[in-house]
Every structure is written in C-alpha cells, then in structure tokens.
Amino acid sequence: RSLITANVSNQTSLVTALQLFSSKRNMAGTPEAAAILAKIAEHGEAVRKLKAEKADFKADLEKLKAAKAEYKRFTGEDAPAAGKQQTKKKKGGTESAAVAAGGVSKSEQKRLDKQRKKAEAKAAKAASQPAAAQGSGKAKAKEEELSPSQYFDLRSQTVSGLKASGPVDPYPHKFHVSTSFTDFHAKFGGLGNGEESSEEVSIAGRIQLKRESGQKLRFYDLASEGIKIQVMAEFSKHDEKIIGFKEIHDLLRRGDIVGVRGRALRTKRGELSIAPMEVQLLAPCLHMLPHQHFGITNKETRFRQRYLDLMVNSKARENFVIRAKAITYLRRFLDSMGFLEVETPMMNQIAGGATAKPFVTHHNDLNIDLFMRVAPELYLKMLVVGGYDRVYEIGRQFRNEQIDLTHNPEFTSCEFYMAYADYEDLMSITETLLSGMVHAIKGSYKVKYHPDGPDGEEKEIDFTPPFRRISMITGLEEAIGRKFPSPAEFGTEATRKFLDDLCTELGVDCSPPRTTARLTDKLVGDYLESQAINPTFILDHPQIMSPLAKWHRSKPGQTERFELFVMQKELANAYTELNDPVVQRERFSQQAQDKEAGDDEAQSVDEGFIKALEHGLPPTAGWGLGLDRLAMFLTDSNNIKEVLLFPAMRPEDAAAEAAAAVGAQAPPAAETKPVKQEKAKAEKAKAKGKGKQEKSKKKKEAASTELFVDGELNPDMAKAAKKEGGKKGQ
C-alpha cells in the first residue's frame, strides 16, 4: 500500500512487497525473527539496569524501540513482552518449552505444536506396521532398480513359491469371463460421474499400469482387445473370505494377466472403472515390461518379439486390424461378384506362374525336389478350363529374393481369374475395388503416407478414380526423348543391343544377364515408375516381358497387360490371358532360353499347363495384388515388416556378426539394459566403427569391376547385387 500510495511503478518492488506481505504470518518462528528478539531482550535488559541505577537510558531506549519496530515490519506482529512466559499443555499433561522473551508468539507456538503432534502420530503408525509390510515397500523400490535378468530370477522364485505353497495357483485352469472389454464400454459407458452399477460382471486382461494409494486402495490399467479399463480396488469392497486384500495385490505386477469380478462404476473424475470384489492371478509375467511411456524403441526387438510389441504399442495393433479389414473387404467384394474362393498346392514340380526365383524343398517319400510356389496362376487357370468361370485365392507365395523395406521372402497375395473378360474390364474393377476399400477403411479417397518413415516428408496418395494410364513403350519414348525399335522387333539381338547401349548411356544399372526383358524393366523403373505417386496403370508390355499374357489386338509385339503402381511401388499386375496352347509353348521356350542364359527367375516349360490349354481356356482375364504392399499404404508404414506379424529375420547370431562387420554391436534383446552396459557397448562400437571406416576407404579405391578386393566382397558389387534383387512384383 505504501509503495502504491507513493506512486512507485517498479514491478519488482511491488512483487517483493506482496510476497513479504503474504508470508509475514509465517515469519515469527524464523531464525531472523529470533535474532531480532535477542536484540530486543538485550536492549530491554540494558534499559532496566540503567533505570535501577538512575542513569541516563535514553539511547538504549531508542535502540529498543527501533528493534521492536523492525520485528513488527518483519513478522507483522508486535514483539512479545519481555520476561513473560507462554505455556501450552500437551496431551498427557506435559508442557511445551517456555516461550521466553526471545521466543515465538502464542499463535506460532500453537502451529508448531500441531505439526509436532502430527509427526509423532505418523512415526507411531509407521512403528506399528508389521515388519513384512515395511519390507515389501523396500522390495518394490529395489525391483525398479533390477536388471531384466535379475527381475526374471526374482519373479521366477516368487512363482515357484506360489506353486509349492500358495496362497494362489499362478496358472489356474479357467476363469469365467462374462463380458468383453468392448461390451463393457458399450454397456456401462452411460454411467454418470460417481455412479456405480448394481450388476456384477467379470472381465480379464493384462495389467499395463499399477498404482498404489495407501494400503487400502490400488489402481490398475487393464488392457484387452486394444481397450483399457481401470480397476479401482478398495479394501472395503474386497471379499476377504477368498484371499486377503493385501495378500493378492502385493503379488501382482505389470504384465500379469488377471481376472476381475466386481461392479462397473465411473469415478468422480469421470474414469470408467470396475470395483472388484475378487481379483485372481491367471498368468504371471516373468519378464520386466518396457517402460509404459517410451515403449520399445528397438525395431529388432519389436519384430522378433511381436507379442511384446502388441502388448505396449497400440499403433502396431491398429496396423494389423486395418490389414484384416482390407482382406475382409476384398473377400466380400469378390464374393459379391460371384467369384469362388479356392485353394491350390503350395509345392510344385515346376516353379511357374510368375517370373521369380523359387525356394527348393525335398519330398522324402517321393524322393524328388519340389518348388515352393511363386504364384498360384497356372492352377487357377486350370480351374477355369474345368468350368469355374470366376475363381480367386488369397494365400502365401514364396520367392527366394532379397529382404528389404518392401520385400519379404513369403508374402500374401490375391489372384482372381474371370472368364469372358479382358484387361480393360479389370482396370475398371481395380479402380472400383481399391477406391471403395480406401474410402471404407479411411473415410476418404486420400491417404497420408511417409515414404521415408514417420520423420520424413509427408505425401498424399489420392485413390479417387479413374487412375492415370501410361502405355509402356510410348511412355519411355516421351520420358527419355528417344525413338525405340518397334515392339514387334523386341525379340531380335539388334533391339537387345539398342537397349544395352541406352542403359549404359543413361547410367541405368542392370546386372547380368542383360536380356531385353530385364533391360526394358530397368528403364521402366527409372523413368515411368518414378512418376507414379497416385495410382497409375503402366500398360501394353512387350510380349517378351509377358510370357503368359495375350498379344495386343491392335499393337503388334505388345500384350494386353497392366501393372498398377502406387508411390513408385508395384501393387497389382493383370492381363488378358494367353489361351492359345501353340503360342504359349513358344513363350515358354523363350523363357527357357533366358533361363539357360543365366536368368534364374525365368520360367520353365510346363507341359501339364499346356495340355490343359489344349482342352480349351475361354477368353479370360487374370489379376494379382500384393496385400502386404496395400496394407503398407493403408497404415502409413514404409517398412513391410510393420504389416507382417512375424516377418523373416536374420538369425540373431548372424545379425550380430553382420552388425560387427560394419562397426556396430548387435541390438539388445530388451530396452532396459543397465546404463553402464549400454555405455560400454557404445564405446566399443565407436572404436570398431573408426577402424572399419579406414578399411572401407581402402576398399573404395579398388576397381569397381573386381568381385573381390583383398579377399573380401567388393562393396560396389555388393551394392549392385542388392539393388538388383529379384522381381519387384510382390
């Protein structure tokens, strides 16, 4: 007030004054106040002595007044009268220490006595607690400091003790669940704050989070079906006849699967919960779960231990729900068009149906080698010959190719064959199918996608029909600015040499064998596929690239075929089927020649399929789509492993060796390694990496055409081989 009255506008002064004003009531018991009281007592005693001696005491009296004024400014209270004592009776009749002339005020003494009583009561309560309870608190604190292996050993010992002597069976045979988490939310979601249902229900799930609020109240976050329900366990509602409240709750840890029987309620804060009368341990988790906030940051751990990823990563769970929805939509779409779903063999004596390198296995009883199928195409067309006009199969294919962000050795595809249709019909069906699917799942034709990962640039994919169409040879001529030989001449050596020279001139990589089909495919990849961000049909392939497709009815040397590309990746492949057995034999023969030239992805002559064609295949169109790639776009995943529950992984020992070869350590099995171990690993990796960089520098100086340098694989050649890989059409 004084500062404002004096028109002081300094903010700092005003704030300081307000802080002092608000805190004065608590200043009387401070050391500073005691020091001022000591001065008051000293000057008061001096005044009394001088009065008694009838000497001049004016100077000391002024000092006494100044000290009392200082005390009032500091505490907001008058200084206690000198020589007076204030007493406070304690419970039991004992007195507090006398408050002498340098002591504290009556109100302050009352406050201090109240605090002391509270502290004594707390200490008495702690002393009365059983030793076991105090020990359990210490044990919990220590558990958080354990390494994963130590935690596993401790938890295993606890479970072994339960098996031997109880008080509960850690692995019961059954627990009755009366409602799912989804139904629980639907049924009791209308409860108001503080309202409790009278209906008793039982649920079961995994403990994601555990919190304590004293000895008689525990909270858990229970998860199941991707949904969370809070458990609010109160001692007053627990059925002690089954097992003691503290006894059961002290056993439970994060990750345990538990059953809960109780009533639904909504807390005063609005959290839908269940108040249990009984909690039962159904399956203990022996391992330390990753931190609830950070989750699993190591991708190797996520892919190798997918069950752990699904426990703590809601995005991973959602990815596979979306994948399932896409497959369900596809199946319903085809069923509604009158297609019949079938199953065909996964092991064949001839690897046919697609241009890809197969896996080889051996049948002991027949004593023959068999190939895991690369595509179900030939069998499905045989069924059309047999009279099934519309058939489809959703299943696994196996291709012995590279593992990278968009390829996995086994993958899921859908192929359908439709009699009395051509590739123009299939383009219309594809547009209707994919645009409808995307809109049904995402609520829009437009999808956000990050091709370089979550931290990379965001792109938008627009599935609004119709899709763009590019004729292959015409598109290459426009993109490169060169006139190509006629597609009818693509089977000649002159065309092969033209394409070979053109790839060399443009710097387009193509490892041996440099056949016409492979050279053309590489040019398409660099100049046409790169344009395909939104869904784009690249169509009218040369016959030499499409041994199973029918020749184009108006463009000699080309076929009625299309490939659908999205975000520069192949998603679907379709064509009007070749049904002339004579021409089909010629195409197979050309493929066989390529195989002899070193192309291990080329197909062999399948006499059984040709014999089926000789019985008559009606005009038919065939279509295939990679469901893993489709799921990647729908879930905004740039890594195919994100949409495969159990992707192919390098063996852990081999992964460790490969990581060491580039100067890094193998990824840890869990995210909770002690800090000291992590630092030691980082330092070791850094030292190895430095030496490896020097070694790599020497290798780069070697000629890029040499396969081996200093007894090791030339990195340039390794890079080229990886880039080449196998057929991209998964």
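Student: What covers the buried residues of α13?

Tutor: This is a predicted model, in which local features need pLDDT of at least 70 and side-chain atom pairs count only at pLDDT 80 or more, while totals for chains, interfaces and linings use all residues. Numbering starts from 1 along each chain as its sequence is written, and side-chain values use heavy atoms, with hydrogens and water left out. Buried means under 20% relative accessible area, exposed over 50% and partly exposed in between, with a 1.4 Å probe and protein chains only; helices (H or I, at least four residues) and strands (E, at least two) are DSSP runs, numbered from the N terminus; and contact means heavy atoms within 4.5 Å. The cover of the buried residues of α13 includes β10 (390–398), β11, β17 (569–576), α19 (607–614) and β18 (620–626).

Student: What arc do the buried residues of helix α13 cover around the axis?

Tutor: In α13 (residues 377–386) the buried residues are Glu 377, Leu 378, Leu 380, Lys 381 and Val 384. The arc is taken from the directions that lead from the helix axis to the C-beta atoms. These residues lie on the same side of α13, because the arc they cover is only 160°.

Student: Which residue follows α13 with a positive phi?

Tutor: The phi in question is near 120°. The residue that follows the helix with this value is Gly 387.

Student: In what order do the 3 strands of the open sheet stand?

Tutor: Strands pair if DSSP finds at least two bridges between them. In this sheet the pairing is antiparallel, and the order is β7-β9-β8. Since β7 (347–348) and β8 (360–363) each have a single partner strand, one side of each is left without a neighbour in the sheet, so the strands at the edges are β7 and β8.

Student: Which residue of β9 is the bridge partner of His 363?

Tutor: Strand β9 (residues 368–372) runs antiparallel to β8, and 4 bridges join the two. The partner of His 363 in β9 is Ile 368.

Student: Which residue in the hairpin of β4 and β5 takes a positive phi?

Tutor: The hairpin has 5 residues between its strands. The positive phi, near 95°, belongs to Gly 270.

Student: From a polar atom of the Thr 267 side chain, how many Å away is the backbone nitrogen of Glu 271?

Tutor: Thr 267 lies in the loop between β4 and β5 and is buried, with a relative accessible area of 12%. Leaving out residues up to four places away in sequence, Thr 267 touches Asn 193, Gly 194, Gln 230, Met 232 and Ser 273. The backbone nitrogen of Glu 271 lies from a polar atom of the Thr 267 side chain at 3.0 Å.

Student: Which residue joins its side chain to that of Arg 218 in a polar contact?

Tutor: Arg 218 has its place in strand β2 (residues 217–224) and is buried, at a relative accessible area of 1%. A polar contact is a pair of N or O atoms within 3.5 Å; within protein, one must be able to donate a hydrogen and the other to accept it, and residues adjacent in sequence count only if both atoms are side-chain atoms. At 3.3 Å, the side chain joined to that of Arg 218 belongs to Asp 250.
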